[in-house]
Every structure is written in structure tokens, then in C-alpha cells.
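Dear colleague,

Here is the structure we talked about handing over. Please look through it first; my notes on what was found follow below.

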Amino acid sequence: MGDIVSYEEVPASQVPLAKRLAAMEMKSFCTADLGLPYLKIIWAQKCGHTRQYSGQLFRNYVEAFGIAYLAEKIIMLNIELLEYKVPHTAAHECRHFYQFKHMPDFPGNNDIEWDANRYAEQALKALHYWRCCQRSTAMSCTDKSLYIS
Ligand SMILES: [Zn+2]
């Protein structure tokens, strides 16, 4: 973490189905739970001077497993993410869109990361109810208030 890198989009067909399904399921919960617009998930990998694929290129970003492109409504997920960590990261990135929506002066500080991680933990618990089609119970598992100073 900390290095500045570029990412290239990896075709969905190159991403294990279990990871894609896990990301889509969590995104569908979070967008309903947080009242978010449609968010597109793009899988990407770090790239150097030569690119392997012809999809979207994201230049010069801090190295991360997930990035929320707020204006573009894109969630970038790093294909290096381990499968069991996909739901947490997807929820974390969704929360950044919620923060952005509700705070015109979106701060770039540690609070937004803390709040996003806190939400992701709650979302993981909510997912069980979401799977069982208990939507209101699922949505009651998460705190909509923002814990940002
Ligand atoms: Zn974050």
C-alpha cells in the first residue's frame, strides 16, 4: 500500500464466478440499503507499460484492493482480492458513495475509512437476512448515520 500504480480492466470472463457473484450480491444489498444509484463493478489488475487487455485504464492511483470512483459511479475491485474478502471490500466501497452523497465536502481522512469499515462489518451480518429475503431485517442491521468528524 502507498505506491502509485495504474490498473487495467480485466474482462469479467477472466474473474472467478464466485468472486463476481459475491461482489454483485453485496452491491445489490448495499445499494438498496443505502439508497444508492446503479454502481458498476469493474475488475482490474495492476499494469505496467504493457497492457494485457483493452478495457478501461485507471492511471496513477494508490495501491488498493478496491477503489470507489465517485463521479463515474464505478467500483473497481482488484482481482488479487481473496474471495472471502470480496463482500467486505464491496460494502466498504459502496459506503464511500453514501458518504459522498450525504457530505458535499467529502473529507479525505481516516474517518471515512473507519466509517466504511464499520459499515462493511454490519453489512456482512445483514447479508444472511438479505439472502433469506428478509429485506427489512437485513436493512435494520446497518447504521445509516455517518461517524465522521
Ligand atoms: Zn476506503
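**Overall layout**

The protein has four helices and five strands. Please keep in mind that this is a predicted model. Along the sequence, the elements come in the pattern β-α-β-β-β-β-α-α-α.

On overall dimensions, the C-alpha atoms fill a box of roughly 45 × 35 × 25 Å along the principal axes. A compact globule of 149 residues would have a radius of gyration near 15 Å, and the protein agrees with this because its own value is 15 Å. Buried residues account for 30% of the 149 residues. Of the contacts between residues at least 6 apart in sequence, 73% join residues at least 24 apart.

**The sheet**

The five strands form an open sheet in the order β3-β1-β2-β5-β4, and the pairing is mixed. The edges are taken by β3 (57–62) and β4 (66–69); each has a single partner strand, so one side of each is left without a neighbour in the sheet. On average, neighbouring strands of this sheet are turned by 35° against each other, direction ignored.

Two of the pairings can be described in detail:

- Strand β1 (residues 4–9) and strand β2 (residues 40–47) run antiparallel and are joined by four bridges. Y7 has K46 in β2 as its bridge partner, and S6 stands opposite C47 in β2.
- β2 and β5 run parallel, with five bridges between them. Here W43 stands opposite L77 in β5.

When you look at side chains along the strands, remember that in a regular strand they alternate between the two faces of the sheet.

L57 is found in strand β3. Is L57 buried or partly exposed? L57 has 13 other C-beta atoms within 10 Å, and is therefore partly exposed; a residue counts as buried at 20 or more and as exposed at 12 or fewer. Apart from its neighbours within four places in sequence, L57 is in contact with S6 and E8. S6 is also the residue that stands opposite C47 in β2.

**The helices**

Helix α2 (residues 86–102) lies across β4 and β5 (74–78), and runs at about 25° to β4.

How do α1 and α3 lie to each other, and at roughly what angle do their axes cross? The axes of helix α1 (residues 17–34) and helix α3 (residues 110–131) come within 10 Å and cross at roughly 95°. The two helices are therefore roughly perpendicular to each other. On the α1 side of this contact are M26, F29 and C30, which meet A123, A126, L127 and W130 in α3. By type, the residues of the contact divide into seven nonpolar, no polar and no charged.

If you open the model, the contact of M26, F29 and C30 with α3 and the pairing of β2 with β5 are two places to look at alongside these notes.

Regards

Conventions: Residues numbered from 1 in each chain as written. Predicted model: local features only at pLDDT ≥ 70, side-chain atom pairs only at ≥ 80, totals over all residues. Pairing = 2+ DSSP bridges. Axes fitted to C-alpha atoms, helices over the stretch in contact; angles between N-to-C directions. Contact = placed C-beta atoms within 7 Å. Parallel < 35°, antiparallel > 145°, perpendicular 65-115°, else oblique. Nonpolar A, V, L, I, M, F, W, Y, C, P; charged D, E, K, R; others polar. Rg over C-alpha atoms; globule rule 2.2 N^0.38 Å.
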